[in-house]
Amino acid sequence: MAGASYVLQALVVAAAAALGGVAWSAVLIYALGLAAVVAFFFVIFLSDLNLRSAEPNLTFIQVVSPLLPAVYLLYQIESLPVRAGILLTVMVPLLYGILDLSIPRFLAAAMAYFAGYFGVFLLAGGRDSTYYDNPNE
């Protein structure tokens, strides 16, 4: 299910690139990052390494791991409306966590997502001095 979700996210990002909202190189790196996440968990579950964990579903790690490619992608997008649209798709893995994580672990995952976007906000503001003047962000 996560793999299909990542494919849909990559298609949405590709559509944004086709419309000029993000560079194709960022889309490629994002898609490769998501593919690496899927491959990592495929190997972990296929080899039964997850059974050594206290949480064999590895839900927390599955929810937080796609955050790195997502933060990279969000940083590469300069248009605020495009970033807002892509942000909605980036949040999808976090929603899976609602189904299986305890409240404290879900809040920790949500805070990781918040920290990631806050980091994007700070770094993007560093490259453009007028960035913080935009009331839409």
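A residue counts as buried when its relative accessible area is under 20%. Keep that cut-off in mind as we walk through this model, which is a predicted one. Take Leu 58: its relative accessibility is 8%, so Leu 58 counts as buried. You'll find Leu 58 in the loop between helix 2 and helix 3. There's something else to spot here, too: Leu 58 has a positive phi, about 55°, even though it is not a glycine.

Now zoom out to the whole chain. The protein chain has seven helices and zero strands, so if you follow the elements from the N terminus, you read α-α-α-α-α-α-α. Of its 137 residues, 32% are buried. The chain exposes about 8000 Å², and carbon and sulfur atoms supply 73% of that.

Next, let's go inside. In soluble globular proteins, nonpolar side chains tend to be buried together. Here, the largest nonpolar core has 26 residues, and the members that touch the most others are Val 13, Val 22, Tyr 30, Leu 73, Ile 86 and Val 90. Helix 1 (2-18), helix 2, helix 4 (67-76), helix 5 (80-90) and helix 7 (103-127) each give two or more residues to this core. Helix 2 gives the most, with seven residues. For a close-up, pick Val 13: leaving aside residues up to four places away in sequence, Val 13 touches Val 22, Val 27, Tyr 30, Leu 73 and Ile 86.

Which way do helix 2 and helix 4 run relative to each other? Their axes come within 9 Å and cross at roughly 170°. Angles over 145 degrees count as roughly antiparallel, and helix 2 and helix 4 are therefore roughly antiparallel to each other. On the helix 2 side, the contact involves Ala 26, Ile 29, Tyr 30, Gly 33 and Leu 34, which meet Pro 69, Ala 70, Tyr 72, Leu 73 and Gln 76 in helix 4. Sorted by class, this contact has eight nonpolar residues, two polar ones and no charged ones.

Note on methods
Residues numbered from 1 in each chain as written. Predicted model: local features only at pLDDT ≥ 70, side-chain atom pairs only at ≥ 80, totals over all residues. Heavy atoms only, no water. Helix = DSSP H or I, 4+ residues; strand = E, 2+ residues; numbered from the N terminus. Buried < 20%, exposed > 50% of the residue type's maximum accessible area, 1.4 Å probe, protein only. Areas by Shrake-Rupley, 256 points an atom, 1.4 Å probe, with all protein chains shown as cover. Core = buried A, V, L, I, M, F, W, Y, C linked by side-chain atoms within 4.5 Å. Contact = heavy atoms within 4.5 Å. Axes fitted to C-alpha atoms, helices over the stretch in contact; angles between N-to-C directions. Parallel < 35°, antiparallel > 145°, perpendicular 65-115°, else oblique. Nonpolar A, V, L, I, M, F, W, Y, C, P; charged D, E, K, R; others polar.
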